[in-house]
Amino acid sequence: MDDLYIRENDRHHYYQLKNDAGITWGEKAGKLREEFAEQLEICTADGPDHTLTVVVSHADRKSSLDTNMPSALAKRVTVRHFPAVRRPSELARLPEIREVLSELSASRTPSEELFSGLAQGFYLAWC
């Protein structure tokens, strides 16, 4: 499964995860572009506030997708880089993930153990 939907009160978040090192908006007859255009249409019709995000595991893909974003999706779709890891504990060591985990933590000074526990907890919930 590579799609994620999160409903947060009146805001809906849609994510597509892509691990393809060569993914583009135009690849496979514009499949990615069409998927996001359709989702944008659904979101707009539904009315609630929403976010649309494509998550890629390769930094160069983020750069390419940002640079070549179709005008119909510009300012409506966000591209995020989330590096592939082998173990949840590796997530806890990524600075960009630590920032998010810090915001979720009840502690003002989260420890290594807390970061690791949060990352593993999210991973288990996702599984």
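Q: What makes Tyr5 partly exposed?
A: In this predicted model, Tyr5 has a relative accessible area of 42%, and residues under 20% are called buried, those over 50% exposed and those in between partly exposed, judged with a 1.4 Å probe on protein chains only. Because 42% lies in between, Tyr5 is called partly exposed. Residues are numbered from 1 along each chain as its sequence is written. As the model is predicted, local features need pLDDT of at least 70, side-chain atom pairs count only at pLDDT 80 or more and totals for chains, interfaces and linings use all residues, while side-chain values use heavy atoms, with hydrogens and water left out.

Q: Why is Tyr14 called buried?
A: The relative accessible area of Tyr14 is 14%, which is under 20%, so Tyr14 counts as buried.

Q: How many aromatic pairs are counted?
A: The count is two aromatic pairs, where rings of Phe, Tyr and Trp (its six-membered ring) pair if their centres lie within 6.5 Å, with planes under 30 degrees apart counted as stacked, over 60 as edge-to-face and the rest as tilted.

Q: What makes the pair of Trp25 and Phe36 edge-to-face?
A: The planes of Trp25 and Phe36 stand at 85°, with 6.0 Å centre to centre, so the angle is over 60 degrees and the pair counts as edge-to-face.

Q: How do you know whether Trp25 and Phe36 are buried or exposed?
A: Trp25 has a relative accessible area of 4% and Phe36 has 3%, so with values under 20% Trp25 and Phe36 are buried.

Q: Which residues of helix α2 are buried, and where do they lie?
A: In α2 (residues 59-67), Arg61, Ser64 and Leu65 are buried. Seen down the axis of α2, the buried residues fall within an arc of 95°, so they line one face of the helix; the arc is that of the directions from the helix axis to the C-beta atoms. Helices (H or I, at least four residues) and strands (E, at least two) are DSSP runs, numbered from the N terminus.

Q: What covers the buried residues of α2?
A: The cover includes α1 (27-46), β3 (49-56) and β4 (77-81), with contact meaning heavy atoms within 4.5 Å.
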